[in-house]
Structure formats: C-alpha cells, structure tokens
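Subject: The model to look through

Hello,

Here is the structure I promised to pass on to you.

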Amino acid sequence: MDHETGHQPRIPAAGHHRDVNGGWLRPAVFGAMDGLVSNFALMTGVVGGAVSNSTVVLTGLAGLAAGACSMAAGEYTSVASQRELVQAEIEAERLELRRNPHGELAELAQLYVERGVDPGLAHEVARQLSADPEQTLEIHAREELGVDPNDLPSPWVAAASSFVCFAVGALLPLLPYLLGATSLVPALLVAAVGLFTCGAVVARVTARTWWYSGVRQLLLGGAAAGVTYLLGALIGGQV
Ligand SMILES: [Zn+2]
C-alpha cells in the first residue's frame, strides 16, 4: 500500500456537496412560499370579512411579523436541539475512543471490510487514520453519525434565514396595499405571480417540469386563500 497517501484520508462526505450546491435554495423558496401563502390567506380572510383597507394592511403587517418570528423561533429550536443531540453523540464517541481505542479501531476497520477492503489492509488503513486523536474523532463522527463535527449547522443562521425568507414572501401580497392599492386585485395578481415563480423555482431541485410545479403551487395557494376568504365572508357578518 501507499504509505504517503495513507496519511491523507479522503472520506467521502456523502450529501455534503449537494448541500453546498442547492441546499440553501430549497429551504429559502419554501420559507418564502410559506410566508406568501399564509399572509395572502390571512389578508384575503379579513378582506372576505369586508374590513377597511387600513385593517387589511395592519393585518398583513402583523401576519408578517408574527409569522417571521414564529418561523425563526421554530427553526432555531429545531436546529439547536438537533445540534445538541449530535454534539452529545460526538462526546460519547470521544469518550468511547479514549476508553476503548482498540475496540474503536477494530470497528473502523470493520467498516472498511464491509465495503470490500480485505481485513489486513482495512486494519492497516484504520490504524494509520487513527494516529491523530482529533482526526480519529472526525472520521468516527462521519462514518457513524454522518456528520462533520467541524461543520455543524448554526441555529442562528437557520433562524435568521427563515425569518428573512418568510418576511420576503409575506411582503408580496402586502406590497400593493403599501403602495396605495385600494382593492384586493393587485395583491391577488402579485401573489399569483409569486406562487407560480416559487413553484417553478422549486422545480429546479425536483424532477418536475417548471410549469407543472408552478401551476400546482398556484392552485394550492389559491385554494388556501379561497378557503380563508369564504371563512372571512361567513364569519365577517356575524362578528
Ligand atoms: Zn466509533
């Protein structure tokens, strides 16, 4: 075997490159779509209840702020708890490596054997890769937990990006009103274009065609707004 390259581990980081290339696009578009659908539906709901334009604007602004904060808080909690779980598992692995280095070496060698490396060579590769304790931990974390301990997702970044994405989507149906529109029609058009665009962009990361994905999103968003409009119209007369 080549002892020179034996010290340069090339661990296949499965899924890592996919995250870098398109990983941010999908959550960003879904966040924006979420903001667009929920705020548009909220606004059509109060329009259905025949309220004044200033109430529609106030509702839209409140919906934007409430939704963006709620999304950010939810995303923070979700990523932070996932991160804590992974860190606890990494610490457990660190402890195990310190307590039972031979067993862990055999475990690593076994992983290579399972991939078709013959036992003698697998043990030698595992032994050389395990020379440095930090690198050993990194390899075990990647092989057993599927994570890079030096590259765990940040809950603050996740929270900030979902806040921004939701706010951008939620702003779309509100924009015509802020610019002086006095009926729902301009907001309806902007929301329709936004829904179709979001759907078409999502198609970039799925196997569907852009127009199919766009139309589907348009129909789903339209249905949500239609339901809240009807509810608003039904309840608006009673309250
Ligand atoms: Zn291990």
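Buried residues account for 34% of the 239 residues in the chain. Please keep in mind that this is a predicted model. There are ten helices and zero strands, so the pattern along the sequence reads α-α-α-α-α-α-α-α-α-α. Among contacts between residues at least 6 apart in sequence, 71% join residues at least 24 apart.

The metal site

I would begin with the zinc ion. Its donors are E93 (OE), E104 (OE), E107 (OE), H140 (ND1) and E144 (OE), at 1.9 to 2.3 Å. Along the chain these donors follow the spacing E-x10-E-x2-E-x32-H-x3-E. E93 belongs to helix α4 (residues 53–99) and H140 to helix α7, so this pair ties together parts that are 47 residues apart in sequence.

Helix α7, which holds H140, covers residues 133–145. Is H140 buried or exposed? With a relative accessibility of 1%, H140 counts as buried, because the cut-off for that class is under 20%. E93 is buried as well. Between the side chains of H140 and E93 there is also a polar contact of 3.0 Å. If you set aside the neighbours within four places in sequence, the contacts of H140 are E93, L97, E104, E107, L108 and L145. That list includes E93, E104 and E107, which are also among the donors of the zinc ion.

Helix α9 and its surroundings

Helix α9 runs over residues 185–203, a total of 19 residues. From first C-alpha to last, α9 reaches 27 Å, close to the 27 Å expected at 1.5 Å a residue. Its buried residues are A187, A191, G194, L195, C198, G199, A200, V202 and A203. What covers them? The cover includes α3 (25–48), α8 (155–178) and α10 (210–236).

The whole structure contains two aromatic pairs. One of them is formed by F196 and W210, in an edge-to-face arrangement with 6.1 Å centre to centre and 90 degrees between the planes. With F196 in helix α9 and W210 in helix α10, the pair links distant parts of the chain, 14 residues apart. How accessible are the two partners, F196 and W210? F196 counts as partly exposed at 25% relative accessibility, while W210 is exposed, with a relative accessible area of 53%.

Cysteines

How many disulfides are there? The count comes to zero. Take C198, which is one of the buried residues of α9 and has a relative accessible area of 12%. The closest cysteine sulfur to that of C198 is in C165, at 9.9 Å, which is too far for a bond because a disulfide requires the two sulfur atoms to lie within 2.5 Å. C69, for its part, counts as partly exposed at 45% relative accessibility.

A50 sits in the loop between α3 and α4. Its phi is near 50 degrees, a positive value in a residue other than glycine. A50 counts as exposed, at 67% relative accessibility.

L121 is found in helix α6 (residues 119–129) and is partly exposed, with a relative accessible area of 35%. The C-alpha atoms of L121 and A109 are separated by 8.6 Å, and these two residues are twelve residues apart along the chain.

L230 and T44 are 186 residues apart in sequence, yet 8.9 Å apart in space, C-alpha to C-alpha. At 55% relative accessibility, L230 counts as exposed. Recall that α10 is also among the helices covering the buried residues of α9.

Note on methods
Residues are numbered from 1 along each chain as its sequence is written. This is a predicted model: local features need pLDDT of at least 70, side-chain atom pairs count only at pLDDT 80 or more; totals for chains, interfaces and linings use all residues. Side-chain values use heavy atoms; hydrogens and water are left out. Helices (H or I, at least four residues) and strands (E, at least two) are DSSP runs, numbered from the N terminus. The expected span of a helix is 1.5 Å times one less than its number of residues. Buried means under 20% relative accessible area, exposed over 50%, partly exposed in between (1.4 Å probe, protein chains only). Contact means heavy atoms within 4.5 Å. A polar contact is a pair of N or O atoms within 3.5 Å; within protein, one must be able to donate a hydrogen and the other to accept it, and residues adjacent in sequence count only if both atoms are side-chain atoms. Donors are N, O and S atoms within 2.8 Å of the metal (3.2 Å for Na, K and Ca); water is not among the atoms, so sites may look incomplete. Rings of Phe, Tyr and Trp (its six-membered ring) pair if their centres lie within 6.5 Å; planes under 30 degrees apart count as stacked, over 60 as edge-to-face and the rest as tilted.
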